[in-house]
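Subject: Model for you to look at

Hi,

Here is the structure I promised to send over. Please open it first, then read my notes below.

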Amino acid sequence: MSKPILVLKFGTASITTSKGELDEIVIADIARQVNEIHSKYNLVIVSSGAVGAGKRFLKNYSGTLNEKKAAASIGNPLLMNTYSRYFSPYGISIAQSLCERHHFSNRDQFLQLKKTYEKLWASNIIPIANENDVVSNLELKFSDNDELATLIAAGFGAEQVLFSTSVPGVLDAEGNVIPELDTSDKKVLLLANKEKSSAGLGGMTSKLNFARLANLMGIGVVIFGVRTENGILKALEAKTGTLCHAQKINLPARKKWLASGSLVSGRIQIDAGACKALLKRHSLLAVGIKKILTGFENGEIIEILDEDNNAVAVAKAKIASSSLGKDFNVKNLEVAHADNIVLL
């Protein structure tokens, strides 16, 4: 694509009022700012808010899974109609993109999604993505739309992700915005307030976790307050919110997808020698496995843990865990080829 890709994520708390209704003042301001940058980027908007917009129409809503699905079915057209009304005066058309987890875990389906977005961008149409809450199974749901935004950004090769919040950015203990963060240090996750908004699924912990993953994929992230004056425009220039620095990497698109979009089926623990081999870009051999934590089939994605249970890599399995049996000492038995391993 000739233009850089930019992903904008708006959470439920960002675009709804305290009563759970869509905040049209905020959405109108989003449209105004997006209009200023529309010609410069291929944009994806990831927007929550469907459940929040629809739940007030249900009697005795208590937040069960089925009630959330029903609320989403009511709220999705309300959400899209509201965006459409405020983008239309600028001559900007939008498209709805309801995503499910398997659209990213299956490489072929993901590439179909990518081609659809490219066709929309060619016509200057902005896709607005949201999880398909109406049908998504609980086990296969995204953790929240922060994850969806990150998967889109990593899979499509986005330049930046902007996470909007109901606060001005990541705050320190005194309540001041931290202007920059190096997410390669896992200690940054301790900065998050463990509370999440009553409206949405995520919170600052989620944003920092997925900012860290995006940075690992070479994508810059800014966490900013949606109600900051010209917040989107300022965030693009790192003049507001918290900038999380992208790491310098050179991963091909397929490996980015493997690391970020694939659905992990199995987990294994490896020894220190195998860890060193992976760091040298070698394949994973059976002799390096200490324990199979979760079984897997040939071709499925596995998470690889070190002896301290830290995730060190993900890989596409070359054989099924059942083929390994209990004896891992078979010489030269390749469990995952180096080309199908991505270090985390």
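**What I found**

Strands E9 (residues 264–270) and E12 (residues 301–305) run parallel and pair over 5 bridges. Two strands count as paired if DSSP finds at least two bridges between them. Gly266 has Ile302 of E12 as its bridge partner.

Before going on, the ground rules. This is a predicted model, so local features need pLDDT of at least 70 and side-chain atom pairs count only at pLDDT 80 or more, while totals for chains, interfaces and linings use all residues. Residues are numbered from 1 along each chain as its sequence is written, and side-chain values use heavy atoms, with hydrogens and water left out.

Back to the sheet. It is open, has 5 strands and mixed pairing, and its order is E11-E9-E12-E13-E15. At the edges sit E11 (289–294) and E15 (341–343), each pairing on one side only. Neighbouring strands are turned by 25° against each other on average, direction ignored. Helix H11 (residues 272–279) lies across E9, E12, E13 (311–316) and E15, at about 115° to E9. Axes are lines fitted to C-alpha atoms, for helices over the stretch in contact; angles run from 0 to 180 degrees between N-to-C directions.

Now the whole chain. It has 11 helices and 15 strands. These are DSSP runs numbered from the N terminus: helices are H or I with at least four residues, strands E with at least two. The radius of gyration is 21 Å, close to the 20 Å that the globule rule gives for 344 residues, so the chain is as compact as a globular protein of that length. The radius is taken over C-alpha atoms, and the rule is 2.2 Å times the number of residues to the power 0.38. Of the 344 residues, 51% are buried (under 20% relative accessible area, 1.4 Å probe, protein chains only).

Last, the cores. A nonpolar core is a set of buried Ala, Val, Leu, Ile, Met, Phe, Trp, Tyr and Cys residues joined through side-chain atoms within 4.5 Å. The largest has 37 residues; Val7, Tyr117 and Ile152 have the most contacts inside it. Elements giving two or more residues to this core include strand E1 (5–10), helix H6 (107–122) and helix H7 (145–156). Another core lies apart from it, with 33 residues, among them Phe10, Val34, Phe87 and Ala235. Val7 touches Val44, Ala149 and Ile152, among others, not counting residues up to four places away in sequence. Contact means heavy atoms within 4.5 Å.

Best wishes

Terms used. Buried means under 20% relative accessible area, exposed over 50%, partly exposed in between (1.4 Å probe, protein chains only).
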